[in-house]
Amino acid sequence: KYKVWLKPSAEMSFLYGNNVLKSGLARITESTPQYAGVVVYNLADIPLGFGVTAQTTETCKELDPTANVVLHQADVGEFLRGLEEDMF
């Protein structure tokens, strides 16, 4: 129901397990409430993972660029990171 799109510069950070900052946010679904579950996409509409909104859509417009907008929950890079840990 709720979606967030990331700028290319924020994709790798999210895929390494970090939260999404306002500076990395490209778009967000209108009227997204705080603490709502969101699907995180890149600008090519490829799903990257899941998160929880730290702020409402309205609050995001006034935030500092370094403020957290989406709290990381899971991403497609976790499987690869898990394999890497098992190999070494």
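Two strands are said to pair if DSSP finds at least two bridges between them. Strands themselves (E, at least two residues) and helices (H or I, at least four residues) are DSSP runs, numbered from the N terminus. With these terms, one can say that Y41 stands opposite P47 in β5.

The structure discussed here is a predicted model, in which local features need pLDDT of at least 70 and side-chain atom pairs count only at pLDDT 80 or more, while totals for chains, interfaces and linings use all residues. Residues are numbered from 1 along each chain as its sequence is written, and side-chain values use heavy atoms, with hydrogens and water left out.

The chain contains three helices and six strands. Read from the N terminus on, its elements follow the order β-α-β-β-β-β-α-β-α. Of its 88 residues, 36% count as buried; here buried means under 20% relative accessible area, exposed means over 50%, and partly exposed lies in between (1.4 Å probe, protein chains only). A contact means heavy atoms within 4.5 Å. Among the contacts in the chain with a separation of 6 or more, 55% come from residues 24 or more positions apart.

The strands may be considered next. The six of them form an open sheet with mixed pairing, in the order β2-β6-β5-β4-β1-β3. Its edge strands are β2 (20-21) and β3, each of which pairs on one side only. Helix α1 packs on this sheet, where it touches β1, β2, β4, β5 and β6, and its direction makes about 80° with that of β5. For such angles, axes are lines fitted to C-alpha atoms, for helices over the stretch in contact, and the values run from 0 to 180 degrees between N-to-C directions.

Strand β1 (residues 3-6) shows both senses of pairing. With strand β4 (residues 37-41) it pairs in the parallel sense over three bridges, and with strand β3 (residues 25-28) in the antiparallel sense, also over three bridges. W5 illustrates both: it stands opposite Y41 in β4, and its bridge partner in β3 is R27. K3, for its part, stands opposite V39 in β4.

How is helix α1 arranged? The buried residues of α1 are A10, E11, F14 and L15. Seen down the axis of the helix, they fall within an arc of 135°, so they line one face of α1; the arc is that of the directions from the helix axis to the C-beta atoms. An α-helix has 3.6 residues a turn, so residues three or four places apart point the same way.

S9, in α1 (residues 8-15), is exposed, with a relative accessible area of 64%. The C-alpha atoms of S9 and G24 are separated by 6.6 Å, although these residues are 15 residues apart along the chain. E11, by comparison, is buried yet has no salt bridge, and the nearest side chain of opposite charge, R27, is 12 Å away. A salt bridge is a side-chain nitrogen of Lys or Arg within 4 Å of a carboxyl oxygen of Asp or Glu; Lys and Arg count as positive and Asp and Glu as negative, whereas His and the chain ends are not counted. Leaving aside residues up to four places away in sequence, E11 touches L6, N42 and L48. Just after α1, G17 takes a positive phi of about 95°.

Apart from residues up to four places away in sequence, L21 touches P65, T66, A67, N68 and V69.

Finally, the loop between β3 and β4 holds S31 and Y35. Phi of S31 is near 60°, a positive value in a residue other than glycine. Y35 likewise has a positive phi, of about 65°, although it is not a glycine. Y35 is exposed, with a relative accessible area of 59%.
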